[in-house]
Amino acid sequence: MNDLPLADLDAFTAVARARNFRAAARLRGVSASSLSEALRRLEQRLGVRLLNRTTRSVTLTEAGEQLMERLSPALGEVAAALDQVGSFRDSATGTLRLNVATVVARAVLPDLIADFLKAYPGIMLEVIADDSFIDVLAGGFDAGVRYDERLEKDMIAVPIGPRRQRFIAAASPAYLLAHGEPRHPREILDHACIRHRFASGSLASWEFEKGDETVRISPQARITSNTLELEIRAAIDGLGIIATFEEFLAPAIASGELVPILEDWMPDFPGPYLYYASRKHMPPPLRVFVDFIKSRPRG
């Protein structure tokens, strides 16, 4: 009995209320014969007559009366639940869950979040910063933000944030005065370095490019950390050379606490992308967020 079709139960309540197959059919926008067939299936499944039918009238049997009494509130709850779900289709409410690279959480989203949430007060935002690459849907997220080399090929990608970024290397004036400034990336191997360890445990190599020459090095670290603030402070305190996103070092460079090195070896690269699985049946919070970032000026 647990697999009774809701459509047949709904047909029964329609006829029971109207006490007439043709009137119920007009209200439902279906044929009287389809309602009659639905009642036949339902009564056959239950093994009980629910309606007494004559050419002049339709009346409820005792079993039909009891079923109607219990069924009407339940179907009302089902209709209310479907209406509530349908409201998500038309209104920008609910929770938007994003899984983003750490640099995006630090340097891209802060410039977007306030304006977005002010424009859509019915949306709640959940952001998880994660430098590993995960299946965003399996992880319960609506979308992710990563760089192009980390994007799945079957995902839809929309540019978000600055369209060009770059890594830079820098050190404090005191460090460079004491140890000299590298003139080639390989000379960094003779210097103290400050490196970042990702949550995966990996240490990214430092990559430099000039003309047709590309140099990748993995310098020995005097300090290794997974905390950017500690790393930047160590560089300001003269403990070694740091290499990371330009956005992270910009305040210290502007104040003169750090000095960029090997700038002609630091080409830019494409900025991050918001990626998601499909344009069909997009959750409204994601749909309006995609439209919002598309409307923003491209840096």
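# A guided look at a predicted model

Visitor: In which strand is Asn99 found?

Guide: This structure is a predicted model, and what follows describes that model. Within the model, the residue you ask about, Asn99, belongs to the stretch of residues 94-100, and that stretch is strand 3.

Visitor: Is Asn99 buried or exposed?

Guide: A residue counts as buried when its relative accessible area is under 20%. Asn99 has a relative accessibility of 1%, and therefore Asn99 counts as buried.

Visitor: With which side chain does the side chain of Asn99 make a polar contact?

Guide: Leaving aside residues up to four places away in sequence, Asn99 touches a set of residues that includes Ile128, Phe141, Val145 and Arg146. One of these is also its partner in a polar contact, at 2.6 Å from side chain to side chain, and that partner is Arg146.

Visitor: How far apart are the closest N and O atoms in the salt bridge of Arg40 with Glu37?

Guide: Side chains of opposite charge can pair when their charged atoms come close. Arg40 and Glu37 both lie in helix 3, which spans residues 32-46, and they are three residues apart, about one turn of the helix. Arg40 counts as partly exposed because its relative accessibility is 40%, and Glu37 is likewise partly exposed at 33%. In their salt bridge the closest N and O atoms are separated by 2.5 Å.

Visitor: Why are Arg41 and Glu37 separated by about one helical turn?

Guide: An α-helix has 3.6 residues a turn, so residues three or four places apart point the same way. The side chains of Arg41 and Glu37 meet in a salt bridge with an N to O distance of 4.0 Å. They are separated by about one helical turn because, within helix 3, the number of residues by which they are apart is four.

Visitor: How many residues apart in sequence are the parts that the pair of Glu263 and Arg166 ties together?

Guide: The side chains of Glu263 and Arg166 meet in a salt bridge, with 3.3 Å from N to O. Glu263 sits in the loop between strand 14 and strand 15, whereas Arg166 sits in the loop between strand 7 and strand 8, so the parts that this pair ties together are apart in sequence by 97 residues.

Visitor: Which strands stand at the edges of the open sheet of five strands?

Guide: The strands of this open sheet follow the order 12-9-13-8-14, and their pairing is mixed. Two of them have a single partner strand each, so one side of each is left without a neighbour in the sheet, and these edge strands are strand 12 and strand 14.

Visitor: Which helix packs on the sheet by touching strand 8, strand 13 and strand 14?

Guide: Inside the sheet, strand 9 and strand 13 pair in the parallel sense over two bridges, and Cys193 stands opposite Ile241 in strand 13. Helix 8 packs on the sheet against strand 9, strand 12 and strand 13, with its direction at about 170 degrees to that of strand 9. The helix that touches strand 8, strand 13 and strand 14, with its direction at about 125 degrees to that of strand 13, is helix 9.

Visitor: What arc around the axis do the buried residues Phe21, Ala24 and Ala25 of helix 2 cover?

Guide: Phe21, Ala24 and Ala25 are buried in helix 2, which runs over residues 21-28. The three are on the same side of helix 2, because the arc that they cover around the axis is only 100 degrees.

Visitor: Which exposed residues are carried by the face of helix 2 turned away from its buried side?

Guide: The buried residues of helix 2 pack against helix 1, helix 3, strand 1 and strand 2. On the face turned away from that buried side, the exposed residues are Arg22, Arg26 and Leu27.

Visitor: Is Leu262 buried or exposed?

Guide: Leu262 is placed in the loop between strand 14 and strand 15, and it has a positive phi of about 50 degrees although it is not a glycine. Because its relative accessibility is 6%, Leu262 counts as buried.

Methods: Residues numbered from 1 in each chain as written. Predicted model: local features only at pLDDT ≥ 70, side-chain atom pairs only at ≥ 80, totals over all residues. Heavy atoms only, no water. Buried < 20%, exposed > 50% of the residue type's maximum accessible area, 1.4 Å probe, protein only. Polar contact = N/O pair within 3.5 Å; in protein donor to acceptor, adjacent residues only side chain to side chain. Contact = heavy atoms within 4.5 Å. Pairing = 2+ DSSP bridges. Axes fitted to C-alpha atoms, helices over the stretch in contact; angles between N-to-C directions. Arc of directions from axis to C-beta.
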